Amino acid sequence: LLLPIAVTAESGRAMPKDGVCPIGYRTEVRYCVASRANTPDAVAKDGVCPMGYHTEGRYCVANRVNAPSAIPKNGVCPSGYHTEGRYCVSN
């Protein structure tokens with residue numbers, strides 16, 4: 001039985017769980033969800049983490065709360081983002 005969960009649509013606030021959730025995130029069903037509003041963003045790790053992020057298990061976690069947002073790259077990055085390896089990072 002899967003129950004719906006309320007999460008923000010913000011980048012890095014909730015992501016599919018892959019192994020242990022990074023520090024500051026809690027498990028909800030099959031997701032890692034930020035525990036607090038001031039938790040740094042995180043994204044699933046795919047290769048080298050973008051600048052300003054560090055590796056934590058299978059995730060890249062921002063080094064600070066207000067770091068640029070990173071999302072997995074899927075083709076061309078959207079407006080307001082630039083390419084860093086396999087990620088699109090906000091300008």
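A nonpolar core is a set of buried Ala, Val, Leu, Ile, Met, Phe, Trp, Tyr and Cys residues joined through side-chain atoms within 4.5 Å. The legends below describe close-ups of a predicted model.

**View 1. The largest nonpolar core has nine residues.** Its members are Val 43, Cys 49, Tyr 53, Cys 60, Ala 62, Ala 67, Ala 70, Tyr 87 and Val 89. A second core of eight residues is separate. Among its members are Met 15, Ala 42, Tyr 59 and Val 61.

**View 2. Strands β1, β3 and β2 form an open sheet.** The order is β1-β3-β2, and the pairing is antiparallel. β1 (14-16) and β2 (25-28) are the edge strands. Each has a single partner strand, so one side of each is left without a neighbour in the sheet. From one strand to the next, the twist averages 30°. Three bridges join β1 to β3 (residues 31-34), running in the antiparallel sense.

**View 3. A disulfide links Cys 21 and Cys 32.** The S to S distance is 2.0 Å. The torsion about the S-S bond is about -90°, so this disulfide is left-handed. Cys 21 sits in the loop between β1 and β2, while Cys 32 belongs to strand β3. The two cysteines are eleven residues apart, and the pair links distant parts of the chain. Cys 21 and Cys 32 are both buried.

**View 4. Strands β4, β6 and β5 form an open sheet of three strands.** Here the order is β4-β6-β5, again with antiparallel pairing. β4 and β5 stand at the edges, and each pairs on one side only. Direction ignored, neighbouring strands are turned by 30° against each other on average. Four bridges hold the antiparallel pair β5 and β6. Within this pair, Tyr 53 stands opposite Ala 62 in β6. Tyr 53 and Ala 62 also belong to the largest nonpolar core.

**View 5. Cys 49 and Cys 60 form a disulfide.** Their S to S distance is 2.1 Å. The link is left-handed, with -90° about the S-S bond. Cys 49 lies in the loop between β4 (42-44) and β5 (53-56), and Cys 60 lies in strand β6, so the pair ties together parts that are eleven residues apart in sequence. Cys 49 is buried, as is Cys 60. Cys 49 and Cys 60 are both part of the largest nonpolar core.

**View 6. Cys 77 and Cys 88 are joined by a disulfide.** The sulfur atoms are 2.1 Å apart. About the S-S bond the torsion is about -90°, so the disulfide is left-handed. Cys 77 is in the loop between β7 (70-72) and β8 (81-84). Cys 88 is in strand β9, eleven residues away from Cys 77. Buried means under 20% relative accessible area. Cys 77 therefore counts as buried at 15% relative accessibility. Cys 88, at 1% relative accessibility, counts as buried too.

**View 7. The structure holds three disulfides.** A disulfide is a covalent bond between the sulfur atoms of two cysteines. With the bonded cysteines of the protein chain numbered in sequence order, the pairing reads 1-2, 3-4, 5-6. The pairs are Cys 21 with Cys 32, Cys 49 with Cys 60, and Cys 77 with Cys 88.

Conventions
Residues numbered from 1 in each chain as written. Predicted model: local features only at pLDDT ≥ 70, side-chain atom pairs only at ≥ 80, totals over all residues. Heavy atoms only, no water. Pairing = 2+ DSSP bridges. Axes fitted to C-alpha atoms, helices over the stretch in contact; angles between N-to-C directions. Buried < 20%, exposed > 50% of the residue type's maximum accessible area, 1.4 Å probe, protein only. Disulfide = S-S within 2.5 Å.
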